[in-house]
Amino acid sequence: MDERSGSGSRSNYFANARDFTIGQQNNVAEGGTVYVTNITYSSASGDYDIHDKLNPIPDASYRRDRKKSPPNSTCLPGTREAVIKQVKSWVNDAPVLKDPSNVLWLYGYMGSGKSAITQTIAETFAKKGRLAASFFFFRGSGDRSKSDRFIRTLASDLASSIPSTVPSMKKAIKDYVGLLTASPIELQFQHLFLDPFRSSLRNPGRFAQSLLTGPVVTVVDGLDECEDRGAVASFMDRIVQFYQDHPRTPLRFFISSRVEEYIRTRIAQIKAPTTVDLAHHGSEEDITVIVHETFKRAAEDDRIIRSYGAWPALDERRKLVQLADGSFIMISTVLRFILERTNDGRSAKDRLGAALSLRTGLDEVYAAILAPTEDLPYFIVIISTVILARTPLTIVQLAGLHHLTEADIILVLENLHSVLQIPPEDDKDPVTLCHSSFREFLCAKSRSGRLCISPSFHKTLAYRCFEHLHKDTTVKGYPTPVDYAANAFLWHWTSYLSLHVADLPLVKQEVEDIIAHFRATHPKSIPFVNSLFITYTLLDRGWLSSTSGKHGKCSVAEFIQRLTAVRDKARLRMVTEKVIDAVEHAFAALPDPTSREEQFSVVLRSLDPPLSSLSQALRHHTLLVKCCIPQLFTRVRRKGAHVLFLPVHGEAVDDLYVADYAFRSFPLHLAMATEHDAHFAQQVLSCENKSWDSKATRRELTPFEYFVHQRRYYTTFNDPGEYLQSLKRSFELAASAVEDLLKRQPESAARSSNSDWGFVSTPKHTGRAMFWAYGSLKEDYSLLSLWTGYSNIVQCFIHRMEETHDESTCTLHSQYNQARGRAMT
């Protein structure tokens, strides 16, 4: 087909056709006009459901239950007709025009009706089968206020509306490891949405449909309400690039938001964008229709309202329209305030009079709504929690979190129906805001005055969450305080700390307090807690702060649990992880972190019994040595070998590979343990050390294969030598410590020189006949023997990375060549 053909010539392709099929699309043609009777596409690619894989946010699309998942707005018949007509006309423009307008930005002030228009457009084009995807952001609603699952939700919608995109999505998920979890938003957008849509056009039926019916549209509402501004900017940048490369793609993006500079500047980069400023579209007539229609429906549904007769009077209705001053959120809030039943003793007529007495706008409306409730018990606790919660909470969760009764919660909330969406009698549904402007009002001291919610309440919420972490009360199918606490504790904690980043004494005190609170709630687990916290203070911080952060998302606490292989109660382990991460976040909150020694001294003083200095903890490096050994070596009973170098290697891309930590940090812990633990120094020289073993599943890798695996740390740094130099320093420190020990024990030095390490061949079922494993050929389990084998490996690795390797003088290669030579003879 000629790409330059315009919309007026589209019917000519089928001028003489009657009944025919394109792909799996059935068509009937009469007089040159084609009618699509049905169209289906096969998504049989792969053996899993794409929606399960994408894990979309269930309440983010236009199909959501708006009473439970705001914004709860749509355009009443007869309102916003000019704007809606303009948007429809824009979507229907032919994609083969020379300069198509692919993006429409609808912008306006708070309450100007953006979400209502967006909802109407989504519903309209969904009915026509031309809605590719939709997403409605809402500030402070958890996942819907973040970017993490934004693209995956759009992709899930696209898979439903255009199933021929599914094979491309599945291929991208297979080809790009970590695409769903570790990739930036622009790459997810490209590989899960834009590329699949383009690939679907190669399907003849899909391409024909775009010619017959026109472009499809993707709707994104409230883009400014996404908390991740950097991700929004990247999303918009990718749209700009996409339409520079593919300007005639039959795909439109309809975006609504307030005016934000980071959005406006990117819209300006799009070629021929369409912009609609709601300030230029008079809305007084629309608000008049809303007022009349709302009171009409109220009279139909409520006997008391119906008994008032022709109420309100026309003059009162005109005053309400004037009060709204063009704001749709203002008029909708005022109408709910008047018509929603409350227990404050006022009738709808009384509340109408109160509304008409207001003069200064939405803030005054909000203050008037809250006035009858603010003196009730627990008001500030309940309303602060509703506003500051990470995700909306049910009445049961609100009560449980603060150890209140459901009656306490209901008493406060039942007068707030005009600003909150409160479920009637369903423990599963959360309390949500009707509009995010209510949160903005309560969080701004200049607007709400004495009603302002202090952000320091995040600390109260963090401790309330902490109190529920150790509980195991779950109700199948019903959200509980425990469910919320597990996901929100660290969020509230870091939100509070962010207010005090420059206050070092306060941060130190908060660390001591949270550890003390932990001890008080788990008195029987103090030895376990102490051990994990001491381990935390002694970790190789260079690895955690530089290396691991580039290759995984595992928290420090999760890493410690895996490294130490603790086997305590699951819930206690989870609580311990949360507290260690809380401490880590506290130190990270400081703009100019104090020395690690000073930070850790705070932790050590908080233990029971407290350790007065870091030096008292240094002998615990012994534990870390014993944690590293099983990650690198395994005992075997194979012919010719007793210990093998086979690092435990995780498959998941988000792992902090524990074996990789052990490979780099084993010498550091060995050197420190040798220096600070006299008993351990003797263990290094002893013949037997049977205190370690590992039953972990291992991938069989030769040292040379493992080198390839380790190179990723060396090659992905801004300073490529950073990883290598750190490993080298630790190795030299340990080598010096072991050498000093051997000088004092000549007999051990003689035994060390006779330590027999080499390569043995073992069966391997991966297509190769032999696997060359490296290990001790004698039954010598001493730490000195393990160090000898490790030394050969690390020296070879360092020389290779420094490009000074000489295979003829390399101990590891010499042993390898000897083993291969024996095998050949």
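Me: Ala, Val, Leu, Ile, Met, Phe, Trp, Tyr, Cys and Pro count as nonpolar, Asp, Glu, Lys and Arg as charged, and the others, Gly among them, as polar. By class, what residues does the lining of the second largest cavity have?

Reply: This is a predicted model, in which local features need pLDDT of at least 70 and side-chain atom pairs pLDDT 80 or more, while totals for chains, interfaces and linings use all residues. Residues are numbered from 1 along each chain as its sequence is written, and side-chain values use heavy atoms, without hydrogens and water. The lining includes V386, L393 and R439. By class it has seven nonpolar, four polar and one charged.

Me: What is the volume of the second largest cavity?

Reply: A cavity is a set of 1 Å grid points, over protein atoms alone, where a 1.4 Å probe fits but cannot get out; lining residues have an atom within 4 Å of a point. Volume is the space filled by probe spheres set on the points, joined across faces, edges and corners. The second largest cavity comes to about 60 Å³.

Me: Which domains give residues to the lining of the largest cavity?

Reply: About 70 Å³ of space lies in the largest cavity, and its lining has three nonpolar, four polar and five charged residues. Among them are R336, D344, N415 and H417. The cavity lies between two domains (bounds from an automatic or database assignment), because both give lining residues: domain 2 (284–370) and domain 3 (391–607).

Me: Which element gives the most to the lining of the second largest pocket?

Reply: A pocket is an open set of points with protein on both sides within 12 Å along at least five of seven lines, and this one holds about 1,100 Å³. Of its 33 lining residues, S141, G142, D143, R149 and T391 are the closest to the centre. Elements are DSSP runs numbered from the N terminus, helices (H or I) of at least four residues and strands (E) of at least two. The most, four residues, come from α22.

Me: How does the lining of the second largest pocket divide into nonpolar, polar and charged residues?

Reply: Domain 1 (50–281) and domain 3 (391–607) each supply at least three residues to this lining. The division is eleven nonpolar, nine polar and 13 charged.

Me: How many disulfides does the count come to?

Reply: A disulfide is a pair of cysteine sulfur atoms within 2.5 Å. The sulfur of C796 is 3.7 Å from its closest cysteine sulfur, in C810, and is therefore too far for a bond. For C452 the closest is in C443, at 6.7 Å, again too far. The count of disulfides is zero.
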